[in-house]
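The plan is to look things up step by step and jot down what turns up.

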Amino acid sequence: MPRTGDPSRRAGHPPASGELVDIRLDRQRGGATVLLLAMGLVFVVFGTFGAAIVAAGMASQRAAVAADLGALAGAARALDGDTAACASASDLAGRNDGRLVGCHLDGLDVLVTVEVAFTPLPGLTRVAAASARAGPVRG
């Protein structure tokens, strides 16, 4: 009768009748699986926060572009007055997924502030804001 520690026994085969079975569990069994799952979780968490940081940077960039274009559009209509200039700036900011939150004329210069909402993580909404100024060239 082969002993339980006999290397000639093949894993996965049931013991022969009358053979003693070692019921001690191997303490290392499944350790690699737990380690792999923990490493996977770490990668998912860091990836999620990395994506949130990238989303914030992109929203900030979109707000800056919307503010710049809105200020240019407002400056093109500055001679028509404050209302026309800010309406034009609001229209162009809205077309760039922004929301005009501030606009006024300073002489022929138009100063605008635009906000862009974004969701870095599910259930978490934030706002990125940018301001821009546009007007005629002064020599």
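Before looking at who stands opposite whom, I need one rule: two strands pair if DSSP finds at least two bridges between them. I also note that this is a predicted model.

**Entry 1: a pair across strands.** I looked up Cys103 and found it opposite Val112 in E2. How many bridges join E1 to strand E2? I get 7 bridges, and the two strands run antiparallel. Strand E2 covers residues 109–121.

Entry 2: Next I checked E3, where Ala132 is the bridge partner of Val112. E2 and E3 are joined by 10 bridges and run antiparallel. Their hairpin leaves 2 residues between the strands, and Gly123 there has a positive phi near 85°.

**Entry 3: the sheet.** I put the strands together and got an open sheet of 3 strands, ordered E1-E2-E3, with antiparallel pairing. Which strands stand at the edges? They are E1 (99–106) and E3 (124–134); each has a single partner strand, so one side of each has no neighbour in the sheet. On average, neighbouring strands of this sheet are turned by 15° against each other, direction ignored.

**Entry 4: stepping back.** I counted the elements: the protein has 2 helices and 3 strands. Starting at the N terminus, they run α-α-β-β-β. The protein has 139 residues, and 21% of them count as buried. I also looked at contacts with a separation of 6 or more: 40% of those in the protein are between residues 24 or more positions apart.

**Entry 5: helices on the sheet.** Where does helix H1 lie? H1, residues 31–76, lies across E2 and E3 and runs at about 160° to E2. H2 lies across E1 and E2, running at about 150° to E1.

**Entry 6: helix against helix.** H1 and H2 pack at about 150°, and their axes are 7 Å apart. Angles over 145 degrees count as roughly antiparallel, so H1 is roughly antiparallel to H2. I noted the crossing as well: H1 passes H2 in a right-handed one. For the residues that meet, I wrote down Ala66, Leu69, Gly70, Ala73 and Gly74 from H1, and Ala85, Ser88, Ala89, Leu92 and Ala93 from H2.

**Entry 7: Ser88.** I picked one residue from that meeting place. Ser88 sits in helix H2, which spans residues 82–95. Is Ser88 buried or exposed? Its relative accessibility is 19%, and the cut-off for buried is under 20%, so Ser88 counts as buried. Setting aside residues up to four places away in sequence, I find Ser88 touching Ala73, Gly74 and Arg77.

**Entry 8: the core.** Which residues touch the most other members of the largest nonpolar core? Ala67 and Val112 do, in a core of 18 residues. H1, H2, E2 and E3 each give this core at least two residues. I then followed up Ala67: neighbours within four places in sequence aside, Ala67 is in contact with Val112, Val114, Ala130, Ser131 and Ala132.

Note on methods
Residues numbered from 1 in each chain as written. Predicted model: local features only at pLDDT ≥ 70, side-chain atom pairs only at ≥ 80, totals over all residues. Heavy atoms only, no water. Helix = DSSP H or I, 4+ residues; strand = E, 2+ residues; numbered from the N terminus. Buried < 20%, exposed > 50% of the residue type's maximum accessible area, 1.4 Å probe, protein only. Contact = heavy atoms within 4.5 Å. Axes fitted to C-alpha atoms, helices over the stretch in contact; angles between N-to-C directions. Core = buried A, V, L, I, M, F, W, Y, C linked by side-chain atoms within 4.5 Å. Parallel < 35°, antiparallel > 145°, perpendicular 65-115°, else oblique. Left-handed = near helix turned anticlockwise from the far one by under 90°.
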